[in-house]
Amino acid sequence: MNDDLWSFLIAMLSRFDIDAKETFNYEKFRTLCVRLFDVDEVEQDEWRVREIFELFDANADGVLNDEELLSCCKWIHTIVNPVHVLLVIDVQNDFIDGTLALRKCGLGQEGLEVVEPINRLLKEGNWDKVIYTQDWHPENHISFFENLAMRKLHPKSKITKEMAKPFDTVVFLQPHITQALWPRHCVKNTWGAELHKDLLILPSSERVYKGQDPDKESYSAFAEKDAKGLSELEKILSTVGVTLLYACGLTYDICVKETCLDGLRLGYPVAVINDCCRSVKPDDTTTKSYIENGALVACSDRILSLVNEGKHSLVMAHHAAKITS
């Protein structure tokens, strides 16, 4: 190891009163984690601490050698020098007061209720970047119930055109996809597609538009790729150098969920801000899906403590370790 890397390693560990020259075993790593994270979090989820250590202990000898310790220190560096990006997903008129207002769907949650807590996040959080996403559909979009007559259904579709009604699911022949039928919503350049008038829009923010392909539903903001296989959202996040991604908006069980799960698959540590979301059909399975895939699910007070007070999440750090190692 060259002198610069050794100096980096010593400096990083010394921040936590740990001597880089001493044997660095699991007990020392656990001590480090107690200083990085809340002690209760470490005790509650010690399996994460153990798994992170094992990720860095490449030769599985129970001790981190210089190269393994260097990888560990790079992970620590990303944790203590975070780049926080907030995704505000689809807080649009049609989901609040328009054709697909949440109060008309499922269990009748109120979409407007997300605006005030999201505005608080925007005002109080020390965000490195804020990105707003919007459904931005063409008139002939495949998801619109009103457009059902435009395309043939697959013979195996259990729901026929004669039977179909809004919110049913059909199977189209071409393209051959299974598709939920929604009332016409968020048509680009219309009032329904605009962000709600009471939502705070930060001047330095970015916009990502999704669902622009008439023959494809894009619930996730990562779904639409260019010729190189990159989405507009990925390009923005790469430019920003994001290390932690936070998501809120509409809806918790569809577009927020699909965006977060894609983000996790792409390697971003993700937190879902549950009191800043509302659902079409609220149930425990959505939260379970977030947690099982490695996302932190937390309220806005917890998120603001991470963003503003230099606190760290073991859950998000665990996911980051899978990438760093």
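Here is a short chat about a predicted model, covering its domains, a helix pair and a salt bridge.

Reader: Hi! Which domains does the assignment give for the protein chain?
Author: Domain 1 covers 3-80, domain 2 is made of 84-143 + 183-309, and domain 3 spans 145-181.

Reader: And how far apart are the C-alpha centres of domain 1 and domain 3?
Author: Those two centres lie 53 Å apart.

Reader: Okay, helices now. At what angle do α4 and α12 pack?
Author: Helix α4 (residues 46-56) packs against helix α12 (residues 314-324) at about 15°, and their axes are 10 Å apart. Angles under 35 degrees count as roughly parallel, so α4 and α12 fall in that group.

Reader: Is the crossing left-handed or right-handed?
Author: Left-handed, as α4 passes α12.

Reader: Which residues meet there?
Author: From α4, you'll find Trp47, Arg48, Val49, Glu51, Ile52, Leu55 and Phe56. On the α12 side, their partners are Leu314, Val315, His318, Ala321, Lys322 and Thr324.

Reader: How does the contact of α4 with α12 split by class?
Author: It has 8 nonpolar residues, along with 2 polar and 3 charged ones.

Reader: Switching topic: how many salt bridges are in the whole structure?
Author: The search finds 21. One of them pairs aspartate 135 with lysine 210, with the closest N and O atoms 2.7 Å apart.

Reader: Nice. Where do aspartate 135 and lysine 210 lie?
Author: Aspartate 135 is in strand β2 (residues 129-135), and lysine 210 is in strand β5 (residues 206-210), so this pair ties together parts that are 75 residues apart in sequence.

Conventions. Residues are numbered from 1 along each chain as its sequence is written. This is a predicted model: local features need pLDDT of at least 70, side-chain atom pairs count only at pLDDT 80 or more; totals for chains, interfaces and linings use all residues. Side-chain values use heavy atoms; hydrogens and water are left out. Axes are lines fitted to C-alpha atoms, for helices over the stretch in contact, and angles run from 0 to 180 degrees between N-to-C directions. Helices (H or I, at least four residues) and strands (E, at least two) are DSSP runs, numbered from the N terminus. Angles under 35 degrees count as roughly parallel, over 145 as roughly antiparallel, 65 to 115 as roughly perpendicular and the rest as oblique. A crossing is left-handed if the near helix is turned anticlockwise from the far one by less than a right angle, and right-handed if clockwise. Contact means heavy atoms within 4.5 Å. Ala, Val, Leu, Ile, Met, Phe, Trp, Tyr, Cys and Pro count as nonpolar, Asp, Glu, Lys and Arg as charged, and the others, Gly among them, as polar. Domain bounds come from an automatic or database domain assignment. A salt bridge is a side-chain nitrogen of Lys or Arg within 4 Å of a carboxyl oxygen of Asp or Glu.
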